[in-house]
Amino acid sequence: GFLATLNRELCSPDGEVTSYATVVYGVLNRHTGDGRLALAGHPKPMILHPDGEIEDLAAGGLPVGMFEIVDYDTQAFRLGPGDRLITYSDGITDCFDAAGAAFDVGHFKDLLKSSRALLSDAMANKLKHAVTDWRGGEEFEDDISVLILERPPAD
C-alpha cells in the first residue's frame, strides 16, 4: 500500500535512519461516512460522537523511514451524522507545563467532550488556547497539530 511504498522510499540502503515521519493515511466516503485509516507512528485517531462519547481507533504501525519492511494494517470506521474524526500530533499530548505535567490524552478527551457543541474550527481554536495556556508561554518542544473531519448532522 501507500505507506509501505513511502516507507521503502525513505529507508536508507545501508539501514541507517536518516529521515522518518509519522503519518495518518486514510480514505473517507463523504456520502456514506465509511472510511479506512492506516497509521505510521502517529497517535491513534478518535471519533467524537455528538453525545460526547469518544471512540478510540486502534490501527497502528511504526513511523515510515525506520525499517525497510513494515506492514501497515488498516482499520475500517464509520462516521455517523454529526460525528467528528479527530487526528492530532503527539506534540499536544506530550506538551508539558512548568511543573512537568503532560497535557495527556485524558485532558485532550475532556476538552473535546466539553466543546462538542462548538463548530469544528472553534473547537480547534479552543484546543490551541488550552495547550498554549498549559505550556505557560514557553516555546513548544514539538509541533502542535489537529485535524477535525466532521460529517454534517442529519437534517
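This is a guided tour of the structure, selection by selection, from the whole chain to single residues.

**Before selecting anything**

The model is a predicted one, in which local features need pLDDT of at least 70 and side-chain atom pairs count only at pLDDT 80 or more, while totals for chains, interfaces and linings use all residues. Residues are numbered from 1 along each chain as its sequence is written, and side-chain values use heavy atoms, with hydrogens and water left out.

**The whole chain**

The protein has four helices and seven strands, where helices (H or I, at least four residues) and strands (E, at least two) are DSSP runs numbered from the N terminus. Following the sequence, you pass through the pattern α-β-β-β-β-β-β-α-α-α-β. Of the 155 residues, 37% are buried; buried means under 20% relative accessible area, exposed over 50%, and partly exposed in between, with a 1.4 Å probe and protein chains only. Among contacts (heavy atoms within 4.5 Å) between residues at least 6 apart in sequence, 63% join residues at least 24 apart.

**Select the largest nonpolar core**

Next select M46, I86, I92, F103, F108, L112 and L127, which have the most contacts inside the largest nonpolar core, a set of 15 residues. A nonpolar core is here a set of buried Ala, Val, Leu, Ile, Met, Phe, Trp, Tyr and Cys residues joined through side-chain atoms within 4.5 Å. At least two residues of this core come from each of β3 (46–48), β6 (84–88), α3 (105–114) and α4 (120–135). A second, separate core has eight residues, including L3, V23, A38 and A40. In soluble globular proteins, nonpolar side chains tend to be buried together.

Centre the view on M46 and show what surrounds this residue: leaving out residues up to four places away in sequence, M46 touches I54, E55, D56, L57, R84, L85, I86, Y88, F108, K109 and L112.

**Select strand β6**

How many of the five residues of β6 are buried? The answer is five of five, and the strand is mostly covered. In a regular strand the side chains alternate between the two faces of the sheet. Both faces of β6 are covered, with R84, I86 and Y88 buried on one side and L85 and T87 buried on the other.

β3 and β6 pair in the antiparallel sense over three bridges, and I47 stands opposite L85 in β6. Strand β7 (residues 146–150) runs antiparallel to β6 and is joined to it by five bridges, with L147 in β7 as the bridge partner of T87.

**Select helix α3**

In α3, the buried residues are F108, K109, L111 and L112. They lie on the same side of α3, because they cover an arc of only 160° around the axis, the arc being that of the directions from the helix axis to the C-beta atoms. The buried residues of α3 pack against β3, β4 (54–56), β6, α2 (90–93), α4 and β7.

Apart from neighbours within four places in sequence, K109 is in contact with M46, I54 and D56.

**Stop at G26**

G26 is in strand β1, and counts as partly exposed because its relative accessibility is 40%. Beyond its neighbours within four places in sequence, G26 is in contact with R36 and L37. A distance drawn between the C-alpha atoms of G26 and L39, which are 13 residues apart along the chain, comes to 8.6 Å.

How values were computed: Pairing = 2+ DSSP bridges.
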